[in-house]
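Reader: I would like to learn how to read a sheet and some aromatic contacts. Could you walk me through them?
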Amino acid sequence: MQLSDKRRNLIFWVLQFLGWGFLNLSSLLLLKQMSIEFVLFSIVMGTFIGILSTSLLRYYLKRNIFFDKFGLKELVKISVSVIITTAFYALLNFLSGILYVKYGPELTEFDLKILKSYDNFWLLAINSLIVIFVWVACYLAIKLLLKLNTDRIERLELNTTLKQAQLNTLKGQINPHFMFNSLNNIRGLMLEDVERSRDMLTKLSEMLRYSLTKNDVNAIALEEELEMVENYIDLSKIQFEDRLTFVKEIDPGSLNIPIPPMIIQLLIENAAKHGISNLKQGGVITLRTSAEEQELTIQVRNTGKLHLDEHSTQLGLKNIRQRLRLLYGELAKFTLREEGGEVIADIKIPLA
């Protein structure tokens, strides 16, 4: 289970009070030799000084120490912060002793003996350093354990999400509506052109085989994806006839670049289904790819207007965004916009 920030803060403060309270309650062991007033003063002030010093230290560590890029720089930051906190902790203890002597009740001989230790700078510094060092070690150990637990949970969530994304991909690939239309169109075509009908059946079977065999693959060559797109366009042209024009502007340098399977086909399908099919006069779908040093750009443009039906599941678009995030994190981008009577979908994938 992953703890919320609110719960983490609550646990921190509970441990702070319990830890420092327990440490300073050790003064009770000397109750027979020390005055009750000095014991109570030691417990209260010691707990307060400890909590104040380490809470400020925690505030600094939370904002400046990152386990994801832990290195020499982080060790230097921790060391410097420990030294400063030690000095602050020792100074507050020293001042509290002076204040008690000046304004507190009459001291016993044993009280005076204890307070004299506060006058020994090196003894006070070493004791303070040990206390602060132990606190930091415990804090960083707990922080590391929490991070490892968070990473484990995120990996489990990522695997679950990836499996769901693969399932959604399969759903997006085997579109029953498209299959039904294709089979009906091929059946009608058989009355006119048997040879072409046979060719279209072959393309449809290749699409089904492709969608099933590539479902568990995270990347394929762009060139291989283009073959799938060509099959889809050929099958769609049976329905759209002259209403659909497909234009390719492919950068030769992009053909061997690995991309997530079905990602271009989903863009083309979305352009045909939500763009060209809504236009009586039809329109143009343009596919462009370009490869630069650090980035592959895939662009699909179609005639029409951007209209996302609120009742639509938008499965294909969600599929694309989800898989890009899973595979590339924040490095990949997917945008959809309308410009000059065209709907433009852009995908940018990092090459390195």
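Author: Gladly; we take the sheet, then the helices on it, then the aromatic rings.

Author: This is a predicted model, so local features need pLDDT of at least 70 and side-chain atom pairs count only at pLDDT 80 or more, while totals for chains, interfaces and linings use all residues. Residues are numbered from 1 along each chain as its sequence is written, and side-chain values use heavy atoms, with hydrogens and water left out.

Reader: What is the order of the strands in the open sheet?

Author: Strands of a sheet pair through backbone hydrogen bonds, either parallel or antiparallel. Here five strands form an open sheet in the order β2-β4-β5-β7-β6, with mixed pairing. Helices (H or I, at least four residues) and strands (E, at least two) are DSSP runs, numbered from the N terminus; two strands pair if DSSP finds at least two bridges between them. The edge strands, each pairing on one side only, are β2 (244–250) and β6 (333–339).

Reader: In which sense do β5 and β7 pair?

Author: Strand β5 (residues 295–303) and strand β7 (residues 342–350) are antiparallel, over nine bridges. Thr-297 stands opposite Lys-348 in β7.

Reader: Which strands does helix α8 lie across?

Author: Helix α8 (residues 222–240) lies across β2, β4 (283–291) and β5, and runs at about 165° to β2. Axes are lines fitted to C-alpha atoms, for helices over the stretch in contact (heavy atoms within 4.5 Å), and angles run from 0 to 180 degrees between N-to-C directions. Helix α9 (residues 263–274) also packs on the sheet, touching β2, β4, β5, β6 and β7, with its direction at about 20° to that of β5.

Reader: How many aromatic pairs are there?

Author: A pair of aromatic rings is described by the distance of the centres and the angle of the planes. Rings of Phe, Tyr and Trp (its six-membered ring) pair if their centres lie within 6.5 Å; planes under 30 degrees apart count as stacked, over 60 as edge-to-face and the rest as tilted. The count comes to three aromatic pairs. Phe-12 and Trp-13 have ring centres 5.1 Å apart and planes at 75°, so this pair is edge-to-face. Trp-135 and Tyr-139 are stacked, at 5.2 Å centre to centre and 5° between the planes.

Reader: Is Phe-12 buried or exposed?

Author: Phe-12 is buried, because its relative accessibility is 10% (buried means under 20% relative accessible area, exposed over 50%, partly exposed in between, with a 1.4 Å probe and protein chains only). Trp-13, at 36%, counts as partly exposed.
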